[in-house]
Amino acid sequence: MQINLSGPDISQAEIDAVLQVMHSTTLSLGPKLGEFESAFAKYTNRKYGVAVNSGTSALHLAMLSLGITAGDEVISTPFSFIATTNCIMMVDAKPVLVDIDPVTYNIDHTQIESKITDKTKCIIPVEVFGNPDGIDKVCDIAKKNNLYCVEDSCEALGSVINNRQVGTLGDISIFAFYPNKQITTGEGGILLTDNKAVADLCYSFRNQGRDTEGGWLAHARMGYNYRLSDISCAIGTVQLGRIDEFVKKRATVASWYNEVLKDESRLVLPAAPDNATMSWFVYVPRLNDAFTGAQRNQMLTTLRDQGVGCSNYFAPIHLQPFMVEKYGYKKGDFPVTEHIADRTMALPFYNNISRNDVEIVCQKLITALDQLKN
Ligand SMILES: *Cc1c(COP(=O)(O)O)cnc(C)c1O
């Protein structure tokens with residue numbers, strides 16, 4: 001038996017869209033690119049979308065296009081996927097980390113203002129696991145302090161907080177399309193903004209520094225090859241058209257887990273915030289405070305040995321070896337992040353998982369809890 005941690009939801013429509021591109025003569029920089037960008041900009045009510053080959057590339061272009069550079073500081077969270085802070089280091093700026101809220105796992109907005117210095121240029125909040133709680137407040141703090149807000153929305157396509165849609169909150173908002181995300185293009189990402197100068201720079205940076213008017217061998221600036229192929233864009237447009245269906249399916253799967261596990265006091269279950277629509281990225285309960293990191297690791301091993309895909313989302317960013325080496329971080333620097341990160345367990349979660357598989361996972365989880373050695 002094997003129940004995977006994640007999996008894409010591909011229908012015949014995505015396959016047909018790929019075939020259509022394959023039968024055309026334009027596999028890149030063709031009509032599907034603009035179609036995908038327009039559809040995405042429309043969905044998020046943004047003026048410009050710049051599709052690129054990964055979420056990480058989109059974050060990098062965000063930093064470049066805002067002119068963030070050596071000597072600048074960017075505030076972000078130690079409880080995220082590594083790309084959130086790597087993009088800051090890619091432009092030689094310094095990540096300044098702020099610990100998280102123990103309930104939402106999002107950056108603790110009440111601690112942000114104390115970390116702002118005259119070098120601070122930007123804040124990068126993340127809607128962790130799809131939960132948008134507090135991110136509107138972070139972007140408001142950025143605005144009030146004359147800082148850029150780059151919303152790393154890679155885990156939250158379809159979430160809404162206080163009637164504000166995720167992807168509209170930042171000066172720039174970023175989504176990603178690796179196959180475990182709410183929608184996929186195989187690999188891919190998009191940068192959204194209402195700022196024409198930012199968008200124009202990003203169109204150029206992703207395409208080797210070319211300007212739209214120049215020729216193929218005219219490079220107005222140093223750029224990158226961050227292009228997304230028309231094959232990927234065609235998949236993305238179909239997937240985006242199904243987002244409401246996906247958000248609903250994922251909420252149903254989360255509700256199955258929460259229902260089966262509701263009386264399990266050894267776990268703290270994830271919950272959608274009151275004033276929000278939550279687009280669930282992953283389903284991540286955690287062991288309660290009485291358990292240790294070693295016990296959580298034992299749980300993950302036991303579950304994996306029985307064919308249950310699971311993971312320790314996230315390992316704290318500040319304790320990754322290259323971060324320790326570069327900035328001298330140590331255990332205890334971000335205690336809430338470390339406490340949570342020691343106890344979380346991402347469980348199998350995707351659109352088409354069956355209720356029966358969810359029940360099997362829960363049963364194995366409870367048995368593994370019963371067997372935990374102290
Ligand atoms: C997935 C993800 C990204 C981008 O990932 P890519 O693999 O580069 O597409 C960035 N930030 C967060 C928080 C993510 O979850």
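Helices here are DSSP runs of H or I with at least four residues, numbered from the N terminus. The model shown in these views is predicted.

**View 1. The largest pocket and its lining.** The largest pocket holds about 490 Å³ of space. It is lined by 27 residues, and F81, I82, E155, K181 and F314 are the closest to its centre. The largest share, three residues, comes from α3. By class, the lining of the largest pocket divides into 13 nonpolar, 10 polar and four charged residues.

**View 2. The second largest pocket.** This pocket has a volume of about 400 Å³. Its lining consists of 20 residues, with D200, Y203, S204, R206 and T212 nearest the centre. Helices α2 and α6 (196-206) each supply at least two of the lining residues. Five residues of the lining are nonpolar, eight are polar and seven are charged.

**View 3. The buried side of helix α1.** Helix α1 spans residues 12-22, and its buried residues are E14, A17 and V21. They lie on the same side of α1, because they cover an arc of only 60° around the axis. An α-helix has 3.6 residues a turn, so residues three or four places apart point the same way. The buried residues of α1 pack against α2 (31-43) and α7 (230-241).

**View 4. The salt bridge between D194 and R46.** The side chains of D194 and R46 meet in a salt bridge, with a distance of 3.2 Å from N to O. D194 lies in the loop between β9 (189-193) and α6, and R46 in the loop between α2 and β1 (48-52), so the pair ties together parts that are 148 residues apart in sequence. D194 counts as partly exposed at 36% relative accessibility, whereas R46 counts as buried at 9%.

**View 5. The salt bridge between D140 and R164.** In this pair the side chains meet at 3.3 Å, N to O. Because D140 lies in helix α5 (residues 135-144) and R164 in strand β7 (residues 164-165), the pair ties together parts that are 24 residues apart in sequence. D140 is partly exposed, at 38% relative accessibility. R164 is also partly exposed, with a relative accessible area of 30%.

View 6. The closest N and O atoms of the salt bridge between R266 and E264 are 2.8 Å apart. R266 is partly exposed at 22%, and E264 counts as buried at 13% relative accessibility.

Technical notes
Residues are numbered from 1 along each chain as its sequence is written. This is a predicted model: local features need pLDDT of at least 70, side-chain atom pairs count only at pLDDT 80 or more; totals for chains, interfaces and linings use all residues. Side-chain values use heavy atoms; hydrogens and water are left out. Buried means under 20% relative accessible area, exposed over 50%, partly exposed in between (1.4 Å probe, protein chains only). The arc is that of the directions from the helix axis to the C-beta atoms. Contact means heavy atoms within 4.5 Å. On a 1 Å grid over the protein atoms alone, a cavity is a set of points where a 1.4 Å probe fits but cannot get out, and a pocket is an open set with protein on both sides within 12 Å along at least five of seven lines; lining residues have an atom within 4 Å of a point. Grid points are joined across faces, edges and corners, and a volume is the space filled by probe spheres set on the points. Ala, Val, Leu, Ile, Met, Phe, Trp, Tyr, Cys and Pro count as nonpolar, Asp, Glu, Lys and Arg as charged, and the others, Gly among them, as polar. A salt bridge is a side-chain nitrogen of Lys or Arg within 4 Å of a carboxyl oxygen of Asp or Glu.
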